[in-house]
Structure formats: structure tokens, C-alpha cells
2 protein chains.
Amino acid sequence: MARIVMKFGGTSVADLDRIRNVARRVKREVDNGNQVAVVVSAMSGVTNQLVKYCSDLSPLHDAREYDAVVATGEQVTSGLLAIALQDIGVDARSWQGWQIAIGTDTAHGKARIQSIDGSELIKQMDSGQVAVVAGFQGIAPDNRITTLGRGGSDTSAVALAAGLKAERCDIYTDVDGVYTTDPRIVPKARKLSKISYEEMLELASVGAKVLQTRSVELAMNERVRVQVLSSFSDLPGTMVVDEDEIVEKENVSGIAYSRDEAKITVRRVPDRPGIAATIFGALAEQNVNVDMIVQNVSADGTTDMTFTVGKADLARAHAALGGIKSQIEYGELLEDPNVAKISVVGVGMRSHAGIANTMFRALADKAINIQVISTSEIKVSVLIAAEYTELAVRALHTAYGLDAT
Amino acid sequence: MARIVMKFGGTSVADLDRIRNVARRVKREVDNGNQVAVVVSAMSGVTNQLVKYCSDLSPLHDAREYDAVVATGEQVTSGLLAIALQDIGVDARSWQGWQIAIGTDTAHGKARIQSIDGSELIKQMDSGQVAVVAGFQGIAPDNRITTLGRGGSDTSAVALAAGLKAERCDIYTDVDGVYTTDPRIVPKARKLSKISYEEMLELASVGAKVLQTRSVELAMNERVRVQVLSSFSDLPGTMVVDEDEIVEKENVSGIAYSRDEAKITVRRVPDRPGIAATIFGALAEQNVNVDMIVQNVSADGTTDMTFTVGKADLARAHAALGGIKSQIEYGELLEDPNVAKISVVGVGMRSHAGIANTMFRALADKAINIQVISTSEIKVSVLIAAEYTELAVRALHTAYGLDAT
């Protein structure tokens, strides 16, 4: 007998038939002798409607009221799933964030979980009752409802699994696991049976949006074993686990891409100390996140500074840099939104040389020019022209031997 | 400066424009120097949708889960109205039943309010903040959400007004007050400026569904002055107050009618002790409410027993009476769903003779046959064939001098 947490996202509970389907899946785990807590999202579309109500009434609405409004989406699903479970003979009850309680800070709209009191839940689960928990929500110290921000139900599930000391946390979604790359681009992409937290984090941060980044960080910190699997099939999913649990480590686990960034080059920057601090300080002040950065070797007393920012931040970045032109007297500002970041990720990189070189050669073979390079311990990323995205992903997938046979 | 409670029903908050309209009405009271608590219903249609979800999943669903689901309707409105108020410069916040707390018993789906802790609300209202309270809901001793049953937001508002010791409770609805009778039948019906609790109760119980009966009982017990008025006009409404506040008492305040009842006659019942107990005991066991009862004078050792039940209960009543046929050996069972109950109501009856006689004469003048008569201290009701309903109401409205001049 194991204690497990199952989490179902919005498309998995989109209508009453799908809620009944979820109930049957939960019953199967109960019939297998497991103690089960289920975390549910709002029925798909509901949260968007509620957010729109708030925004239409007032663009700058009170985040505390926003939270009271949007948290109802998960409340409805939790009650309905409890009814569906009871209807097929499974003892169940719904739990709202404030009833458990899931304590958070007061950062309404994007609160962070501070504590979970699992004692009452564990007592009820010990007596055989399934706990159906409204995801995405908690309660602040002042007794007001909070929400965790978009995708927060993943975080609810992982935090609950930690609080309940669950054996694993199954995240049911509309894909059946984590793949070596996007199967829409590479039909030969393979589903991974296991992936490490660190790899999952790197993949999530470069656009493979299977799990919310924060939930993976939490799982890593709390050592919660997470499984990503489909609520519409019976196939096993992908286990996200500690690196030590993965016996045969691949050099490269996956290829990810992101077209959400834009490239900015500041030409002919005077090459003296403090210039980088001025540029990136101005961007930080405008809340612009900078990702890849490269600075050319200086010639004739000036240098070129190239970096990437989120596409949505491009206008703000432009304004910020315009504001310091008189201060640092750079030459011109070049902006290119038509770029893509391609990343190869794998914990095996730590012990294997030549991973980056394989990447550069594979791209050169396809005549793809590399604009910027950045690396981390388990990731190599390159910036290329966006039109080469699919070609690059396919070439790298083959080059690292990831194609299914 | 007064402390008032304002309550807005589902049609008054049906969409964002109407919520903005409500916000402006609340602002007007605030600008007049009043401390305001607002009680809101769900946006119209929302509760029906949520109820349907529960029923579709399981006809016999857990009332505790039903409550968790349907209470979200009022939660959404409370948050949205708080946002709309803030948007026009009024300090406001939403309050859920469990936050106040509005304590109820554990009769989920039709809970009764046991206690309201108004201290926190009063503190916030003293500081100038409008309290936007989700109606229809409370919290049971076991920390689970309860709802008060259909129309329960009226009861929430009156209970809150009592708990806050408010000067009055304004119930905004889609009619602009209580009329001497249904204006759709009698165009000359007059709006009453004042009506006593007792009269309002009698009118509500015979089909004038302006206020939920329980909310009027509560207002009477707690001496809460209630005003019924329209959220779509600026006309003064009808005050529902203690009889002592009404200086000029009319003999008859209003004429009400109900077509929701059916007549049952049990023919040739043996005239011996215990028979009535057997008949009405069998009906009570099936949860059939009996209203008017008349028993003819006995002849030849048998008697006829006539009474009315709700039309919706007719099939259950038929079955219950069939089950005791062998026991009391009555003759035949006659059922007639085509009846209407016409009532004249007025506290002036207490001190004036001849009220009933005026009724009987007016109906006789129109050749309307009276089937059953019942009376209370401030009401005379008769059962007639349903096809005479409008004719009878108009004749009585004129006979008692209620027509507008």
C-alpha cells in the first residue's frame, strides 16, 4: 500500500464525462490498495473567463479580489470530482486550500506555499477516504484566499506530495510523458522513461512546457518523485526523479527549442569598466529578463554587446537602452526578433567531453550559422535564425542518437 | 450616519454592466455618509448551471459537495463587486461565509444560520470600508461550506442586518415593491409604502414571491426593518416593518393567489376517532404537506374529508392514500388539480368584523363557487376553480377598495 498524489489539469476535467473518467482512474488506484489525494485544476476555459471578468471590470484590479474570484474554478471541480467518486462507490471529500490549510505568503495572484498541514488529510486518508484537493490555491496569514499563479496546480500537487510524504506525485496531462524533443517536429522522438530534476528544469526553461518550472524546483528540493502521464491513455509516463535513480545516463536526454526570445546588439560600446553594469542595470530596472549574453573582444577601444530578452519585453528593452544612450554613447542598436534558441540537455555532459562539438558540427553540416552560444553544466544552447528551427532540432536529434529505431 | 445592509439578487448582478450599476448604487449610499454591507447572489443562471452539474453527475449527490460547488456562484459575484467598487473609488472587500464567520447548522443544502460574528466586519466598516458579503452561504461546525437553500441570500441579508444591528435591510430585486395584488392581473394594483411582517408572511406563503418566507420570519423575530425596492429604478420601495410602525392600518392590505395546490377528497370515510390521524399520518410519512383541511358533518356513519396538497406532491399523496385503503376502508378518492387558492390578507381584520363576508359576497356576485374555506388571524382563504382566478382577484381588489384612483 502506498500513499500517492494524482493531479489532473484543466483538459483532463474539461467536462462531466472527463471528470467521470478521472474518477475511474482514481478508483483504480484505490482498488490497488493505495491511499490517494487528488489535486484538480479548473475545468478548461473557466479560469480564463473569470480572469476576463476581473480585467474587464478594472484593468488594475485588487489581486486579493482576483484570487477570491478565480479560486472558485478549482473549488467547483473538487466538489464535482468528489460527487463523481462517491457515485462509483469511492469514499471521497473535497478540500479547499483554507480547509487543509495550505498556507501561503501574501503575494496574491502568485503566492508561494509556506506550509501544508497534512494531519487532517492523512487521518481521513488512513480511514480510506480519497482527498480531492482544489489546486492552485491557498490561504494567506490574514485569512484571505490566495492563488499560486498560472500552472500553480502542479505546484500544489508537488507540495501536497511533500506534505503527505507521498511515494510519488502523478501529473496527468494531455501528453503522455516527456519526449526527447517535440514530436510535432521530430516524429522519431522517443518518450523518456526517466529524467532527472535538473534536466527537466533545463527543458522546461527552454520551452518544453510539460511541467511548471516552480513545481520541478519544489520536487527537486523536497525529493518528490514526479510522474508525467496522460489521462487519456493507459501507457506509463515519464518519471522525474533524482539523478541517482537513473542508472544508464544518456549523454544527451533531449533537444529543446524556444522562439520566445529576441536578440539585441549594442554596437560600438566604449570598452571601459562599468559599461555592462549600466546596460543590464537599466534593463533590470524595467523588469526585463536577460538570457544569453556575449561580448566580443575589444577592437579600437569599442566592443559589441549581444544578448537576448523575452520577445514580449523587446519594446521595454528598447526604451531602457534609449534612456542610457547619452550616458554611454554607444553606436547603434540592432534588434532581431527572428531568432530561436536551440538547447541540448543531459546530465551525462558532466562526464563526457565533445558534446558541444557534436552540436556545432551537426549545425555546420546543415549550413546553420550560430549567432550566440551559452552553456551550463548540463546544457548547451545556441541562438540561430528562427527559420532553421525545425531543421536544427531534427539534425541534433539524429546527431545525438536519439531517434527511435 | 446609519449602518445599512443592501442585498442584490441574481438579475441585479446578471452581468458586468449590472454589477457596475450596483456599485454606483452602493457608492450613493456611501456618499450619503452611510456604513454599508452588501449581500450578493450569484449572477443569474450560474447557480442553475452548478446545480445541473451536480445532478447530472449523480442524482443523489452528497449535499456537502453540492454546497462546496454552488457556493462558488456568490463568491465570484462578491469579488467582482468589490473590484467594481474599488474601480469607482470606494474602499471595499469581499467576505465569504467562512471568513466572517456566518455559522450554520449542518443541514447542508438548506442550512440555518446559528450565529454571525459581526465584530471584524464592523471594525472594517467603521474604518469606511464597504463589506461585500457572499450571500446564501455559511460554515458548519465541522468547517465545511453550507448553503441556505434557494432564495437564501435574502435570509443572509436579514441575518447580517440583525448581526450588525443595521438600521435597515434594503432588498433590491426586479420588482419595485410589494403590491396590493399581482399587477399583471390587476393593472390598478397599488404599491404599498408599508406592510407588516405578519402580512408579508401570509402574502409570501400564498404565492407573492417577493421575499423568501424564512427571511421574513427572521426579520420579524429580530425586528429588522426590511425595504423591498428595484435595482433598476430610483423609486422608493415597500418597507416591511413591525405592525406598530403602521399608523393607518388597512382592513385588507392585499389579495394573493396560488395555483400551486391540488384538491383531494376522500369519500365516505368511516366516522370514528383516529381516522384523521391515520390519513394525515400517512401523508406526513411521505413528506406531503397538507394545507387547507375541511371535514363535512357526518351522515350515515361516514364523512367526506377534503384537503389540499402541493401539486408536485399529488402523485406521492395518491400513493400514500392508496396504501391505507385496506386499513380505513374509505369509499373513493377524488383528485382535482384545477383549483386556485385566493387569499385576502390584512392586520386590520383583527379589529374589524365582516371582512370574510365581503369576500363571500363579492365572489357570489360573480357566480364563483367556493369549495373550501380556511382562515387565520389576518387572512381568509378560499379554494375555487382555477379558471376563475383572475376574475376573483379583480373582484376582491375592487370590493376591498384597493384599486388605485
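User: Where is A101(A) placed?
Analyst: This is a predicted model. In it, A101(A) sits in the loop between α5 (97-100) and β4 (102-104) of chain A.

User: What kind of peptide bond joins I100(A) and A101(A)?
Analyst: That bond is cis, with omega about -5°.

User: And from I100(B) to A101(B), cis or trans?
Analyst: The bond from I100(B) to A101(B) is cis, and its omega is near -5°. A101(B) lies in the loop between α5 (97-100) and β4 (102-104) of chain B.

User: Staying with the backbone, what is the phi of N287(A)?
Analyst: Phi of N287(A) is positive, about 60°, although the residue is not a glycine. N287(A) belongs to the loop between α10 (275-285) and β15 (290-295) of chain A.

User: Switching to the whole chain. How many helices and strands does chain A have?
Analyst: Chain A has 14 helices and 20 strands. Its radius of gyration is 24 Å, close to the 22 Å from the globule rule for 405 residues, so chain A is as compact as a globular protein of that length.

User: What box do the C-alpha atoms fill?
Analyst: Along the principal axes, the C-alpha atoms of chain A fill a box of roughly 80 × 55 × 30 Å.

User: What rotation superposes chain A on chain B?
Analyst: A rotation of 179° with 0.0 Å of shift along its axis does it, at RMSD 0.2 Å. The two copies are therefore related as by a two-fold rotation axis. As for the contact surface, the same one serves both copies, with 100% of the contact residues of chain A recurring in chain B.

User: Which residue of chain A comes closest to the rotation axis?
Analyst: T72(A), whose C-alpha is at 2.6 Å from the axis.

User: Back to α4(A). How does it cross α2(B)?
Analyst: The axes of α4(A) and helix α2 (residues 46-57) of chain B come within 9 Å and cross at roughly 20°. Angles under 35 degrees count as roughly parallel, and α4(A) and α2(B) are therefore roughly parallel to each other. The crossing of α4(A) and α2(B) is right-handed.

User: Which residues meet there?
Analyst: From α4(A), V76(A), L80(A), I83(A), A84(A) and D87(A) meet L50(B), Y53(B), C54(B) and L57(B) of α2(B). The contact of α4(A) with α2(B) has eight nonpolar residues, no polar ones and one charged.

User: Last topic, α13(A) and α14(A). At what angle do they pack?
Analyst: Helix α13 (residues 355-365) and helix α14 (residues 389-399) of chain A pack at about 130°, with axes 9 Å apart. The two helices α13(A) and α14(A) are therefore oblique to each other. Their crossing is right-handed.

User: Which residues of α13(A) and α14(A) meet?
Analyst: T358(A), M359(A), A362(A) and L363(A) in α13(A) are in contact with A392(A), A395(A), L396(A) and A399(A) in α14(A). By class, the contact of α13(A) with α14(A) comprises seven nonpolar residues, one polar and no charged.

How values were computed
Residues numbered from 1 in each chain as written. Chains lettered and ligands numbered in written order. Predicted model: local features only at pLDDT ≥ 70, side-chain atom pairs only at ≥ 80, totals over all residues. Least-squares fit on C-alpha atoms with pLDDT ≥ 70 in both. Contact = placed C-beta atoms within 7 Å. Axes fitted to C-alpha atoms, helices over the stretch in contact; angles between N-to-C directions. Helix = DSSP H or I, 4+ residues; strand = E, 2+ residues; numbered from the N terminus. Parallel < 35°, antiparallel > 145°, perpendicular 65-115°, else oblique. Left-handed = near helix turned anticlockwise from the far one by under 90°. Nonpolar A, V, L, I, M, F, W, Y, C, P; charged D, E, K, R; others polar. Rg over C-alpha atoms; globule rule 2.2 N^0.38 Å.
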